[in-house]
Amino acid sequence: MRTPAGEYFLQGNEACVEGAITAGVRFFAGYPITPSTEIAEGLSHRLTGKNGVFLQMEDEIACISAVIGASWSGVKSMTATSGPGFSLMQESVGYAAMSETPIVIVNVMRGGPSTGQPTRASQGDVMQTGYGSHGDYQVIAFAPATVQEMFDLTVDCFNYSEKYRVPAFLLSDAEVGHMRGLLTVPEEVKVVDRKEKGLMRQDEAYDVPDELVRPFPTFGKGHKTMITGMTHTDKNKIEPEDSKVHTELVTRLSKKVLKNRRDINKWEMMCPGSRTMVVSYGSAALGAKEVAAKDETVGLLRLKSIWPFPEEVVHEVASKCDRILVCEMNLGMLYWHIRRAALEAGCKKIELLSKIGGDPPTPSDVRHKLRAMGAV
Amino acid sequence: MKPVIDLALCKACNICVYICPKKCYSKGADISERGYFAAVVSAPENCYNHNREGKLICELCVLSCPDQAISWHPETEEERKK
Amino acid sequence: MDIFEFYRKEQWPHVFCPGCGIGTLMNCFYRAFDELGLTLDKTVFVGGIGCSSRVPLYINSDALHTTHGRAIAFATGLKLARPDLKVVVFTGDGDLGAIGGNHFINGCRRNVDMTVICINNNVYGMTGGQASITTPHNFLSTTTPFGSKEYPLDLSEIAVAAGANYVARWTTRHVHELTRSLKAAMQKKGFSFVEVVSQCPTNFGRRNKMADSTAMLEWFKDNSVRREKTRAAALDHVDLNIAGQITIGEFVDRNRECFEELIGVEKHG
């Protein structure tokens, strides 16, 4: 059922649909919201009656609930939404993290707060993605900047979510989602499948990445699994009053993502070693990319994954440069993380180019800011 | 068959005392190990299921007991004669 | 089936207060499940948050204890992704009708094959007895110290209007009728809904001159009216109204085509 290899001219959201189909999505629940609706429309064509389920639920809370339910039956499942819908989903994001349910949530970001700018791009949901639900937990989030990455990173979302049993997010925005461009689907696409409990292969024991990730006890296979959002032990027992059990559980949930940061984090580097580095992600990085392509004194670190925060690479970049410019389409969110990491690495000058209102920073915006910083 | 109350489970809500149409149960006077005045089966010979085997009838007490404390047990020879 | 084949031994005994009606419902459900001869490994129990939603944690099968109010939405996803599994949802009046009202109405409308059992105790029991959407008019609770001035919601009539295939309401005083309805509901293809009006002596009865669970059962007995009789009553009749009337009986039993048949997931699974 996967997308045949070849070249396509597609919209970002359509590329996301193809990525999801290629990764093996079998269940989608959605609710119409600009600017992510094309993903729901696309998947309703691709799933209904073709060994998959497309559901239009009554609200976004129901969407993510249905997706978590479907995931426990052992199928890859996803939902797509935008700002206000994403805010509604937060409680169940925490549930998915606590119950270690692999799900994929595509958030095509739009201008907020509240209804804001439904048709314009923004990167205002970055902090909400990482810290939106109550309690301590870690998630995985990717930020695509091109149509090709809408495909590639959707596949990665599924792969990492299945591998580590965490909710994974594709933090696209209205700009990338509605951008049209070339998509090259390769012959071979690496697809990771869930490691189910009880399915022991001969050559290896339970094939899970490390002891922090448990094999997945799929429903309906006699495991008598008890899944709960309450503090629980591995042996299906709820222990909401036991501080030791809670500490162990919540620490493991964070550790399984943080410890595997090197495996998860992806980035693109241009002119490494420049004295001036721009750090950016998503469509906000496109202007800076053009500057870095023309001017070899300006380097670019474009983060493809933003949660877990790519500590190591930011540290490495910051330790070798004099000044860092962070480009974001919000009033400074990932900037504070980058600033902290860069200060720790010894870089003194870290500034922010923030542009909100819907337009990504242009190359001249970046050049202007760099000039003000004394870089070019 | 006769109803038997499991003292480890009974929480003395006395629903059995209220619901039994044949007044087989009565409120307890002794504190059980769990700390409740557990109900007692004072007149099992009144029960519809007295000396009955196979499919039982009524069963209001067993179905109503919120703590799953009542279960059916076969009677002894002595109890049968009552 | 032995009692500890059905219940999880390590969770036993359950946490419910003395005289709580949830234990009665568990007996009736166990009886109905056993008599139907269903297999536990092919049944999934889903619950939301609240006293009633704890029931899935005690049953020795796959259980999904979800977020507050969303149990039906979780169950919808689960059922459609695995149509061969039987899905039973345990929920309460606050979980189903208040925070999850939207999912309840749309669940009935969508008519996915599942059984929803609502234990309606007229109060938020687990948080200490606050008024719920089904608290009868002028009854006391910790948040309505001068009597609840809102009128209660009739969950079963909503299920009928929204399109559920099977709807019944009984009280914990009607154990045999309840067991029969639970069996009918589990056999029914499509969305089936059983509402159980249950006693909460600790948090509802105690504040309304019925501190004894038997007093509440007596109240159920005296005020229950068969639905056939109430249909002829006044048109402005609201369930559990000032007079405290409880309409019981089978509300509807029909065979609307269920959602998985309509979208064809049953065929390819």
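How many helices and strands make up the secondary structure of chain B? Three helices and four strands. Helices here are DSSP runs of H or I with at least four residues, strands are runs of E with at least two, and both are numbered from the N terminus.

Before going on, some housekeeping. This is a predicted model, in which local features need pLDDT of at least 70 and side-chain atom pairs count only at pLDDT 80 or more, while totals for chains, interfaces and linings use all residues. Residues are numbered from 1 along each chain as its sequence is written, and chains are lettered from A and ligands numbered from 1 in the order in which they are written.

Back to chain B. Along the sequence, its pattern reads β-α-β-β-α-β-α. The C-alpha trace spans about 35 × 25 × 20 Å along its principal axes. The radius of gyration of chain B is 12 Å, which agrees with the value near 12 Å for a compact globule of 82 residues; that radius is taken over C-alpha atoms, and the globule rule is 2.2 Å times the number of residues to the power 0.38. Of the 82 residues, 34% are buried, meaning that 20 or more other C-beta atoms, placed from the backbone, lie within 10 Å of the residue's own.

Now contacts, which require C-beta atoms, placed from the backbone, within 7 Å. In chain B, 63% of the contacts with a separation of 6 or more are between residues 24 or more positions apart. Chain A and chain B have no contact, and their closest C-alpha atoms are 20 Å apart. Two pairs of chains are in contact, and chains A and C share the most contacts.

Next, chain A. It has domain 1 (1-259) and domain 2 (266-372), with bounds from an automatic or database domain assignment. Taken over C-alpha atoms, the domain centres are 27 Å apart. Across the boundary, 27 residues of domain 1 of chain A contact 21 residues of domain 2 of chain A. On the domain 1 side, α5(A) gives the most, with four residues.

Leaving out residues up to four places away in sequence, C:L78 touches residues including A:W72, A:F219, C:V44 and C:V87.

Notes:
Buried ≥ 20, exposed ≤ 12 C-beta atoms within 10 Å, placed from the backbone.
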